[in-house]
Amino acid sequence: MRFAIFTHVNHHHQDGIYFAYSPYLREMNLWLKYAKEVEIVAPAPRASKGKRNLEGLSYQHSDLIFTPISSFNLLSFYAVLEALFNIPIIYFK
């Protein structure tokens, strides 16, 4: 079974491993135990600088695909206009 996660959570990328908010990852890892493939569709991850102790706060799955999209918000008029431009692009990704 292929499992897709569509999220707005910020991710960090370090040494081929994706990290995110720890309570969120604990919940996702419970679901990922039952999937063969996992695809995460989220805003592009930021590269983590230096070696930080992030052990235990990463996705626990061997077949993980990360599809980056541009982030958007609807907090101002200009942000809404930008989102109207970005949403079709995100949809076709």
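Me: Which residues of helix α1 are buried?

Reply: Buried means under 20% relative accessible area, exposed over 50%, and partly exposed in between (1.4 Å probe, protein chains only). Helices (H or I, at least four residues) and strands (E, at least two) are DSSP runs, numbered from the N terminus. In this predicted model, local features need pLDDT of at least 70, side-chain atom pairs count only at pLDDT 80 or more, and totals for chains, interfaces and linings use all residues. Residues are numbered from 1 along each chain as its sequence is written, and side-chain values use heavy atoms, leaving out hydrogens and water. Helix α1 spans residues 22-32, and its buried residues are Ser 22, Tyr 24, Leu 25, Met 28, Asn 29 and Leu 32.

Me: Why are they on the same side of α1?

Reply: Because they cover an arc of only 140° around the axis, where the arc is that of the directions from the helix axis to the C-beta atoms.

Me: What do the buried residues of α1 pack against?

Reply: Contact means heavy atoms within 4.5 Å. Here the packing partners are β1 (2-6), β3 (17-19) and β4 (37-43).

Me: How do I read a pair of aromatic rings?

Reply: Look at the distance of the centres and the angle of the planes. Rings of Phe, Tyr and Trp (its six-membered ring) pair if their centres lie within 6.5 Å; planes under 30 degrees apart count as stacked, over 60 as edge-to-face and the rest as tilted. The whole structure holds four aromatic pairs. One of them is stacked: Tyr 18 and Phe 66, at 4.6 Å centre to centre with 10° between the planes. This pair links distant parts of the chain, since Tyr 18 sits in strand β3 and Phe 66 in strand β6, 48 residues apart. Both Tyr 18 and Phe 66 are buried. Tyr 91 and Phe 92 pair edge-to-face, with 5.3 Å centre to centre and 80° between the planes. Tyr 91 is exposed, at a relative accessible area of 67%, and Phe 92 is exposed too, at 71%.

Me: Nice! Is Glu 39 buried or exposed?

Reply: Glu 39 is buried, with a relative accessible area of 18%, and lies in strand β4.

Me: Which side chain does Glu 39 meet in a polar contact?

Reply: A polar contact is a pair of N or O atoms within 3.5 Å; within protein, one must be able to donate a hydrogen and the other to accept it, and residues adjacent in sequence count only if both atoms are side-chain atoms. For Glu 39 the partner is the side chain of Thr 67, at 2.6 Å.
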